[in-house]
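Hi there,

Here is the structure I promised to pass on. Have a look at it first, and then read my notes below.

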Amino acid sequence: MKVKSKGARLAVLAALFVASTAQAADALTIDVHRDANCGCCKKWISHLEANGFQVIDHVEHDMTSVKQRLGVAPRLASCHTAVIDGKFVEGHVPAAQVIELSKRNDLVGIAVPGMPAGSPGMEAGGTQHAYQVTGLTKAGTDQVIADYPTK
Ligand SMILES: [Cu+2]
């Protein structure tokens, strides 16, 4: 009797473990929309994959309308636009902030506007420009999520 209940408890623990790992795998799936000729977009995809993301790659003909559809404010625009958990990821955002975004429900998206040298996918022979990861709140205001390079 005692052994049986211990077994049942282990089974519950095992089921919980499977459920939580399945959830983690879901959270790391990301859709990336990009232009066919965008080389830095592919390099950013490699950065995500190296950090455990499962990337679904979408080649688009009109990125401007993709950005409009996904709610990317023009001031935040860069090259590629990704979507995770219904929220946009615009430009060369480091993986750490993409993971943070997936846990934040006060934001509709995050962005690294433009294409700063030294951001993931924009490596240029060690050149490192300062840049910020900007969050767009549900209220429509910008919020600084991270500053690079980190000190
Ligand atoms: Cu780019």
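This is a predicted model: local features need pLDDT of at least 70, side-chain atom pairs count only at pLDDT 80 or more; totals for chains, interfaces and linings use all residues.

The protein chain has four helices and seven strands, and along the sequence they follow the pattern α-β-α-β-α-β-β-α-β-β-β. Of its 151 residues, 30% count as buried. Among contacts with a separation of 6 or more, 49% come from residues 24 or more positions apart.

The seven strands form an open sheet with mixed pairing, in the order β2-β1-β3-β4-β5-β6-β7. At its edges sit β2 (54–60) and β7 (142–148), each of which pairs on one side only. From one strand to the next, the twist averages 20 degrees. If you zoom in on β1 and β3, you will see that they run antiparallel and are joined by three bridges; Val32 stands opposite Ala82 in β3 there.

Two of the helices are worth a look against this sheet. Helix α2 lies across β1 and β2, running at about 165 degrees to β2. Helix α3 (residues 63–70) packs on the sheet too, where it touches β1, β2, β3 and β4, and its direction makes about 30 degrees with that of β3.

Now for the core. The largest nonpolar core has 25 residues, and Ile30, Val89 and Val93 have the most contacts inside it. Several elements supply at least two residues each, including β1 (29–35), β4 (87–91) and α4 (95–103), while α2 gives the most, with five. Leaving aside residues up to four places away in sequence, Ile30 touches Leu48, Phe53, Val55, Ala82, Ile84 and Val98.

Happy browsing!

Definitions and conventions:
Residues are numbered from 1 along each chain as its sequence is written. A nonpolar core is a set of buried Ala, Val, Leu, Ile, Met, Phe, Trp, Tyr and Cys residues joined through C-beta atoms within 7 Å. A residue is buried if 20 or more other C-beta atoms lie within 10 Å of its own, exposed if 12 or fewer, and partly exposed in between; C-beta atoms are placed from the backbone. Two residues are in contact if their C-beta atoms, placed from the backbone, lie within 7 Å. Two strands pair if DSSP finds at least two bridges between them. Axes are lines fitted to C-alpha atoms, for helices over the stretch in contact, and angles run from 0 to 180 degrees between N-to-C directions.
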